[in-house]
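Subject: Structure for you to look at

Hello,

Here is the structure I said I would pass on. Please open it beside this message and follow along.

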Amino acid sequence: MQQPIIEIQQANIYQGSVLVLEEVNLTVEEGEFVYLVGRTGTGKSSLLKTLYGDLLLTEGQATVVGYELKNMHWKQVPYLRRKLGVVFQDFRLLTDRNVANNLKFVLKATGWEDKKLIDAKVAEVLEQVGLQHKAKKMPFEMSGGEQQRVDIARALLNSPQLILADEPTGNLDPITTDEIMNLLLRIAQETNAAIVMATHDYAVVKKYPARLIKTEGGRVIDHATIDNL
């Protein structure tokens, strides 16, 4: 039986004192691929930030990768994030070090100490994203698609149960977008991680159909359809 990775009940999500989303009910199970769509300013980012502990949940209930989000203490947030992978639109790679050292930096920051284990994990995730021969490349020497793959490799470092991808194809051409989408779908299938992908790219949604969650009018609409986007 599939286990819920995200379970939200009657949650109200705020940005400061402003209510952005109300009465959110949402369940995402392990291995599931879900799109998060909606116009700019309708709460997509606020929902993602709540899921990875950047916004505190004060009303309603939510469990993400086994952690209760309501009134979570800031000291717990790093432990929550060790079970998550986050993929950003703008890559956010450290420009002063090569690919391998970008990944090693994250592992050391999350408590890894054994050099052999660190090296092995870096090699493993680079192979997962097809960049095993690019470990010594600097970010500026790589294409946008390659940098996005490094970002995905970084998200895989702690074997996450959930990957939150925020517009991961937003800056990519159509061919590279296809490569990244196939990679994300393969990761969901092979690792059984749930993936929630925020996107404005409805061509991607049409080409790679999956469950749609939409933010609109202060609500989260589950199982939206492509026709009412």
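Below is what was found in it, part by part.

Please keep in mind that this is a predicted model.

**The open sheet**

Start with the sheet of 4 strands, which is open and antiparallel, with the order E2-E1-E4-E5. E2 and E5 (67–68) stand at its edges with a single partner strand each, so one side of each has no neighbour in the sheet. The pairing of E4 (residues 59–64) with E5 is antiparallel and runs over 2 bridges. Within this pairing, Val64 is opposite Tyr67 of E5.

E1 covers residues 4–15 and contains Gln10. Gln10 is not a glycine, yet its phi is positive, at about 50°. Gln10 has a relative accessible area of 47%, so it is partly exposed.

Is Leu69 buried or exposed? Its relative accessibility is 4%, and the cut-off for buried is under 20%, so Leu69 counts as buried. If you want a distance to check in your viewer, take the C-alpha atoms of Leu69 and Thr177: they are 33 Å apart, and the two residues are separated by 108 residues along the chain.

Which strands pair with E3? One is E8 (residues 194–198), in the parallel sense and over 4 bridges. Another is E9 (residues 211–216), again parallel and over 4 bridges. Leu36 takes part in both pairings: its bridge partner in E8 is Ala198, and in E9 it stands opposite Ile213.

**Aromatic rings**

The structure has 1 aromatic pair. It is formed by Phe33 and Tyr35, whose ring centres are 5.3 Å apart and whose planes meet at 80°, so the pair is edge-to-face. The cut-off for that label is an angle over 60 degrees. Phe33 has a relative accessibility of 9%, so it counts as buried. Tyr35 is at 0%, so it counts as buried too.

The charged end of Arg92 sits over the ring of Phe88, 3.9 Å from the ring centre.

**Helix H1**

How many residues of H1 are buried? The count is 6 of 8, which leaves the helix mostly covered. The buried ones are Lys44, Ser46, Leu47, Leu48, Thr50 and Leu51. After H1 comes Gly53, with a positive phi near 80°.

**The cavity**

A search of the whole structure for cavities of 30 Å³ or more gives 1. The volume of the largest cavity is about 40 Å³. Its lining is made of Ile6, Leu26, Val28, Leu36, Leu47, Leu51, Val196 and Ile213. Strand E2 (18–29) and helix H1 (44–51) each supply at least two of the lining residues. By class, the lining has 8 nonpolar residues, with no polar and no charged ones.

The largest pocket has a volume of about 640 Å³. It is lined by 20 residues, and those nearest its centre are Arg81, Val86, Phe88, Val106 and Thr110. Helix H2 (77–82), strand E6 (84–87), helix H3 (99–109) and helix H5 (144–156) are the elements that give two or more residues to this lining. The lining divides into 12 nonpolar, 4 polar and 4 charged residues. Phe88, listed here near the centre, is the residue whose ring lies under the charged end of Arg92.

Regards

Key. Residues are numbered from 1 along each chain as its sequence is written. This is a predicted model: local features need pLDDT of at least 70, side-chain atom pairs count only at pLDDT 80 or more; totals for chains, interfaces and linings use all residues. Side-chain values use heavy atoms; hydrogens and water are left out. Rings of Phe, Tyr and Trp (its six-membered ring) pair if their centres lie within 6.5 Å; planes under 30 degrees apart count as stacked, over 60 as edge-to-face and the rest as tilted. Buried means under 20% relative accessible area, exposed over 50%, partly exposed in between (1.4 Å probe, protein chains only). A charge sits over a ring if NZ of Lys or CZ of Arg is within 6 Å of the ring centre and within 35 degrees of the ring normal. On a 1 Å grid over the protein atoms alone, a cavity is a set of points where a 1.4 Å probe fits but cannot get out, and a pocket is an open set with protein on both sides within 12 Å along at least five of seven lines; lining residues have an atom within 4 Å of a point. Grid points are joined across faces, edges and corners, and a volume is the space filled by probe spheres set on the points. Ala, Val, Leu, Ile, Met, Phe, Trp, Tyr, Cys and Pro count as nonpolar, Asp, Glu, Lys and Arg as charged, and the others, Gly among them, as polar. Two strands pair if DSSP finds at least two bridges between them.
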